[in-house]
Amino acid sequence: MISSAPPSARIVRIRNTTDEELTLGLAGAGLSFSLDEARKVAKILGRDPTVVEAHIFNTMWSEHCSYKSSRTVLGEHLPTEASNVVLGPGEDAGIVRLCEIDGVSYCVAIAHESHNHPSQIVPNEGAATGIGGIVRDVYCMGADVVGVMDPLRFGDPEGPNAERTREIVHGVVEGIWQYGDALGVPNLGGDVYFDRSFDDNCLVNVVALGLVREDAIVRSRVPAEARDASYDLVLVGKPTDPSGFGGATFASRILDEEKALSDKYAVQVPDPFLKRMLTVATQEVLALVRERGAAIGFKDLGAGGIACATSEVGAAAGLGVRIDLSKVPVAERDMAPEVIACSETQERYCLVVPTGLTADVLRIFNEDFELPELCHGARAEVIGEVIPEPRFVLLHEGAVVCDASTEEITTGICYARPAAERARNADAPAVPADVDVTAAILAVAGSPNVASREHVYRHYDGEVKGNTVVRPGEADAGVIAPIPGEVAGVAVSADGNPFLGAIDPYTAGAAAVAESVRNVAAVGAVPIALTDCLNFGNPEEPEVFHDFVEAVRGIGDAARGIGQRDSDEPIPVVSGNVSFYNQSSAGSAILPSPIVCCVGYLADVTKHLTMGFEEPGNAIYLLGRRTGALGGSEFARGPLGATGGQPPAVDFEAERAMMSCVTVLAEARLAAACHDISDGGLAIAALEMMLTAAPDRSIGAWVDVSTLGGAERSVLEPNDQGRPVAASVAARLLLCEDGGYLLEVAPRDEGDVVALLGMKDVWFRRLGETTDDPSLTIRSVEGGDVTIARDDLARAWNGGATRVML
């Protein structure tokens, strides 16, 4: 199938072949696209492609690069525009306005990606390069990276693959902290779930936040000025090597454990110390660009390497590029041109600069910062130029090895996949009449999916830049004050419950938005933007694609339905990623896992809230009805052993009202502490507020379950409140996972708080009070109050995740 001619003339024969011949030929050439796609390439070109062209189309038409199965769905359902959006999806990172100080408009750049397959095969390097890639995306927008996050999903640590799962957990966590800490970027949080569906496909999602002045934003595209002036393409960073060759296609196919050894070579090699020096040097280049008033383009080399980065910057401007692969610094002699073009060597950037500025750019990298001395073969080098024709032209050793339309390469493939709803178990979990409320609460608190995540986040440096206000574990969201000398702050949280995805993907998407919004609001920040990472199995299976469509629809509806606090606009989705084929060759797919990140703004970080109780004798207010629906809850999956039922519906109007009220209360300093209600329900939220109080405090609490309602009603009638509630009803209402908040309020502020809750039309109850008795007491349960000692709660909650990760 591949001719034996010299490299410049090698072709992949597609035309005039049978399907059987083409199948064998594609496999022999290491190409993974379908027969129809291969024949479409030949039709577009009007000839058989060269080997280089075949690999470029194979890479750029992979699911990872092309979004061929998802982009129509994303465009149909997600709101990406709002008045605070500077740049939405389509470039390396989204950008939203944060605030204006002394006439300067400050913005947040945010990117959200996945590095799932590489982290399953080589956990440390896979996770580390995930962090490396996401911070490059933000740096490329001209921003200074101010924080990262890492939502993680692992296999069952107590199941048949427990040993391998624990190895992956340890490797991933090590890779994240080793890279992030060395780079000097604080880790602001994340979340962790365990389930057997992730045994063969862990999820390593990564988020990076950056701060950038609006007048200093750089685009990841060829500038419009290149239509009338000469522009060069400069490659900066490590010498290109074969690592990561085929990485994009590797991430776009079902994972085969039998090929794990060979797949290791599709995983890149991280170098955070070189990245740090590249970042400093790049800041010098950007300062020079601003001084000269020049327009440039700046793009990360990630999936698809040189081919992806250079074709995309050209296509985005409707222009073309001409690249000489012979000028690319390489780590090995005699590298094939397709490997030079498509390998995913880490720590590389592409700059598109005016020819008159090129010499200064090369000097800064190669002489001022001595890149060749820092890493053997590293340097900045001119590898090509912008051309007016929208063509992607590659040369190697003087011969043309690729000549194709940039538009066809970058957007030439799109599918309308069939979707079919799968059968689901709708049987509602039954709670035994004689349920032991104490045992149920302790079992849920000790579940690895609910318990403290300290064993993970204690590995990370959350304060490395010195501007962290709220660290992981102290509240529902991380908070930083990124503008030197100013009190303006940014809050961020990432959320998504995969067990909701198994029952109702639409609710999973909507609930991910709602929980991330609640987490940001719970620290006092006003939500301003969202990103998403959508993790699913094989989109060619109609049931999987239906799950995907429903989850995206849920995210879009929630973003619009909850909306921004001070306007009728949606909370815009400004960046994101789709990760398909999270499915093993044995046919096992992950639970549908939409993960949403929310960014919030605090005008004054001194008014932030944390979740630990502050003082005994304060009131505890519940915001948000308890319906008692248990579908997808930890109580149902654990103590009850049930996997079906309906999850709590997400009430967008209620979520909007609660978010608005909580953030106003924080701004007015009317709340002492706040915590959102999600995994584990009300009882777990209360114990977490107890256990995260200041170390020198042993604050307890009592709550009156009679204020919550009966099995069929979310609220008891006024004359029923105070009457004892059956244990089964109490357990259901304490452990159902309807969204809401717990507020700690000082007695002097209760009147103002109640007035505001009423004005905002928020459902609430005065649930109980904090005490100086170190225990959690549940009042109004038939048979007597339920009291659980703080030590017992701490033992379960602090040890639940640790015991399965050691």
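Guide: Before we start, contact here means heavy atoms within 4.5 Å, and helices (H or I, at least four residues) and strands (E, at least two) are DSSP runs numbered from the N terminus. This is a predicted model, in which local features need pLDDT of at least 70 and side-chain atom pairs count only at pLDDT 80 or more, while totals for chains, interfaces and linings use all residues. Residues are numbered from 1 along each chain as its sequence is written, and side-chain values use heavy atoms, with hydrogens and water left out.

Visitor: Ok, helix pairs. At what angle do α7 and α8 pack?

Guide: Helix α7 (residues 123–139) and helix α8 (residues 162–183) pack at about 35°, and their axes are 7 Å apart. The axes are lines fitted to C-alpha atoms, for helices over the stretch in contact, and the angles run from 0 to 180 degrees between N-to-C directions.

Visitor: Left-handed or right-handed crossing?

Guide: The crossing of α7 past α8 is right-handed, a crossing being right-handed if the near helix is turned clockwise from the far one by less than a right angle, and left-handed if anticlockwise.

Visitor: Which residues of α7 and α8 meet?

Guide: On the α7 side the residues are Pro123, Asn124, Ala127, Ala128, Ile131, Gly132, Val135 and Tyr139, and among those they meet in α8 are Ile168, Gly171, Val172, Gly175, Tyr179 and Leu183. The residues of this contact divide into eleven nonpolar, six polar and two charged, where Ala, Val, Leu, Ile, Met, Phe, Trp, Tyr, Cys and Pro count as nonpolar, Asp, Glu, Lys and Arg as charged, and the others, Gly among them, as polar.

Visitor: And α20 with α21, how do the axes run there?

Guide: The axes of α20 and helix α21 (residues 542–562) cross at roughly 35° and come within 6 Å, and here too α20 passes α21 in a right-handed crossing. From α20 the contact takes in Pro505, Tyr506, Gly509, Ala510, Val513, Ala514 and Val517, and from α21 it includes Ala551, Gly554, Ile555, Ala558 and Ile562. The residues of the contact of α20 with α21 divide into eleven nonpolar, two polar and four charged.

Visitor: What is Gly509 in contact with, beyond its sequence neighbours?

Guide: Leaving aside neighbours within four places in sequence, Gly509 contacts Ala551, Gly554, Ile555 and Pro594. Gly509 and Pro592, 83 residues apart in sequence, are 9.5 Å apart C-alpha to C-alpha.

Visitor: Further along α20, why does Val517 count as buried?

Guide: Val517, which also lies in helix α20, counts as buried because its relative accessibility is 1%. Apart from neighbours within four places in sequence, Val517 is in contact with Pro527, Ile562, Ile571, Cys598, Met659 and Tyr741.

Visitor: Switching topic: how many residues has the largest nonpolar core?

Guide: The largest nonpolar core has 67 residues, and those with the most contacts inside it are Val135, Phe154, Leu351 and Phe365; such a core is a set of buried Ala, Val, Leu, Ile, Met, Phe, Trp, Tyr and Cys residues joined through side-chain atoms within 4.5 Å. A second, separate core of 66 residues includes Ala522, Val605, Tyr621 and Val762.

Visitor: What does Val135 touch?

Guide: Not counting residues up to four places away in sequence, Val135 touches Val145, Val148, Leu183, Ala208 and Lys275.

Visitor: Now α26. Which of its residues are buried?

Guide: In helix α26 (residues 750–759) the buried residues are Glu750, Val753, Leu756 and Leu757. Seen down the axis, they fall within an arc of 130°, so they line one face of α26, the arc being that of the directions from the helix axis to the C-beta atoms. The face turned away from that buried side carries the exposed residues Gly751 and Met759.

Visitor: What do the buried residues of α26 pack against?

Guide: They pack against β21 (619–623), α23 (652–667), β24 (740–745) and β25 (764–771).

Visitor: And where does Asp761 sit?

Guide: Asp761 is in the loop between α26 and β25, is exposed with a relative accessible area of 67%, and has a positive phi of about 60° although it is not a glycine.

Definitions and conventions. Buried < 20%, exposed > 50% of the residue type's maximum accessible area, 1.4 Å probe, protein only.
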